[in-house]
Amino acid sequence: MAERRLRILLVGASGTLGRAVEAELASRHEVVAAGRNSGSLRIDLTDVASIHHALRQAGELDAVISAAGKVTFAPLADFKPAAYGESLHTLGIADKLMGQVNLALAARDHLRDGGSITLTTGILSEQPIVAGSSASLVNGAVEAFVRAAAIELPRGLRINVVSPNVLIEAMPAYAPFFRGFEPVSAARAALAFARSVEGAQTGQVYKVF
């Protein structure tokens, strides 16, 4: 069976995970790299106008991947009741949660029929750590959104999420947070993105633990 060459927008292409996803897919497909400070297209997930502009620049697409998203790691004692914008949760909600949600909603209108959207969460959605409450909150919300969006997307569009463990390549920075976890390579996590883009499932959380 001949494999169709897809045109894929990869947000967060310069990051550790993004580079691995590009390496996995670029030999078979056209990958358009995008990021806040690098890539052929500039996109800021916290800025809806930036998302729309990048998608217009990208042109017709078969898939949109997000390998990006920031959250705050801090002890729960540091989180105080606060209005949005003043809370330590604001970064994760604005960037990794609403940034990815807005990317998915905007991509819906730019993808070719049968196209796919793949977002990123992480193991903390179900295996929490100290100082990771905001990451757990955001990851769980993104996964719930993906499951719900999958039953309503038009034109045969699909949406999935990849939830990797902490990456081997990130352990120099994150090891103190993830004692006892068995990290996975970015290349292994990238396989789940290929499964989402090149497969047929929708509404899935691909766990790479």
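Author: Begin with what counts as an element: helices are DSSP runs of H or I with at least four residues, strands are runs of E with at least two, and both are numbered from the N terminus. Arg 155 lies in the loop between helix 4 and strand 6. The model is a predicted one.

Reader: What makes Arg 155 partly exposed?

Author: Its relative accessibility is 36%. Partly exposed covers what lies between the buried limit, under 20%, and the exposed limit, over 50%, so Arg 155 counts as partly exposed. Phi of Arg 155 is near 55°, a positive value in a residue other than glycine.

Reader: Where does Ala 131 lie, and is it buried or exposed?

Author: Ala 131 lies in the loop between strand 5 and helix 4. Its relative accessible area is 13%, and buried means under 20%, so Ala 131 is buried. Phi of Ala 131 is near 75°, which is again positive in a residue other than glycine.

Reader: Why are helix 2 and helix 3 called oblique to each other?

Author: The axes of helix 2 (residues 48–58) and helix 3 (residues 90–107) cross at roughly 40° and come within 10 Å. Roughly parallel needs an angle under 35 degrees, and roughly perpendicular runs from 65 to 115. An angle of roughly 40° belongs to neither class, nor to the antiparallel one over 145, and the pair is therefore oblique. The crossing is right-handed.

Reader: Which residues make the contact of helix 2 with helix 3, and how do they divide by class?

Author: From helix 2 come Val 48, Ile 51, His 52 and Leu 55, and they meet Gly 99, Asn 102, Leu 103, Ala 106 and Ala 107 of helix 3. Six of these residues are nonpolar, three are polar and none is charged. Gly is counted as polar in this scheme.

Reader: What makes helix 3 roughly parallel to helix 4?

Author: Their axes cross at roughly 15° and come within 9 Å. The limit for roughly parallel is under 35 degrees, so helix 3 is roughly parallel to helix 4. Helix 3 passes helix 4 in a right-handed crossing.

Reader: Which residues of helix 3 and helix 4 meet?

Author: On the helix 3 side, Gly 92, Ile 93, Lys 96, Leu 97, Gln 100, Val 101, Ala 104 and Leu 105 take part. They meet Leu 137, Val 138, Asn 139, Ala 141, Val 142 and Phe 145 of helix 4. By class this contact has 10 nonpolar residues, three polar and one charged.

Reader: Which residues touch the most other members of the largest nonpolar core?

Author: Leu 9, Val 64 and Ile 159 do, in a core of 42 residues. Elements giving two or more residues to this core include strand 1 (7–11), strand 4 (61–66), strand 5 (111–120) and strand 6 (158–164). Helix 3 gives the most, with six residues. A second, separate core has 26 residues, among them Leu 6, Val 21, Ala 33 and Val 208.

Reader: What is Val 64 in contact with, beyond its neighbours within four places in sequence?

Author: Its contacts are Leu 9, Leu 55, Leu 103, Ala 107, Leu 111, Ser 116, Ile 117 and Thr 118.

Reader: Why is Thr 118 called buried?

Author: Thr 118 has a relative accessible area of 0%, and buried means under 20%, so Thr 118 is buried. Thr 118 is found in strand 5. Leaving out residues up to four places away in sequence, Thr 118 touches, among others, Val 64, Asn 160, Val 162 and Phe 193.

Reader: How do you know that Ala 58 is buried?

Author: Ala 58, which is found in helix 2, has 4% relative accessibility. The buried class holds values under 20%, so Ala 58 counts as buried. Beyond four places in sequence, Ala 58 is in contact with Arg 7 and Leu 41.

Reader: What makes Arg 19 partly exposed?

Author: Its relative accessible area is 49%. Exposed means over 50% and buried means under 20%, so Arg 19 is partly exposed. Arg 19 is found in helix 1 (residues 16–25), and apart from neighbours within four places in sequence it is in contact with Ala 13 and Ser 14.

How values were computed:
Residues are numbered from 1 along each chain as its sequence is written. This is a predicted model: local features need pLDDT of at least 70, side-chain atom pairs count only at pLDDT 80 or more; totals for chains, interfaces and linings use all residues. Side-chain values use heavy atoms; hydrogens and water are left out. Axes are lines fitted to C-alpha atoms, for helices over the stretch in contact, and angles run from 0 to 180 degrees between N-to-C directions. A crossing is left-handed if the near helix is turned anticlockwise from the far one by less than a right angle, and right-handed if clockwise. Contact means heavy atoms within 4.5 Å. A nonpolar core is a set of buried Ala, Val, Leu, Ile, Met, Phe, Trp, Tyr and Cys residues joined through side-chain atoms within 4.5 Å. Buried means under 20% relative accessible area, exposed over 50%, partly exposed in between (1.4 Å probe, protein chains only).
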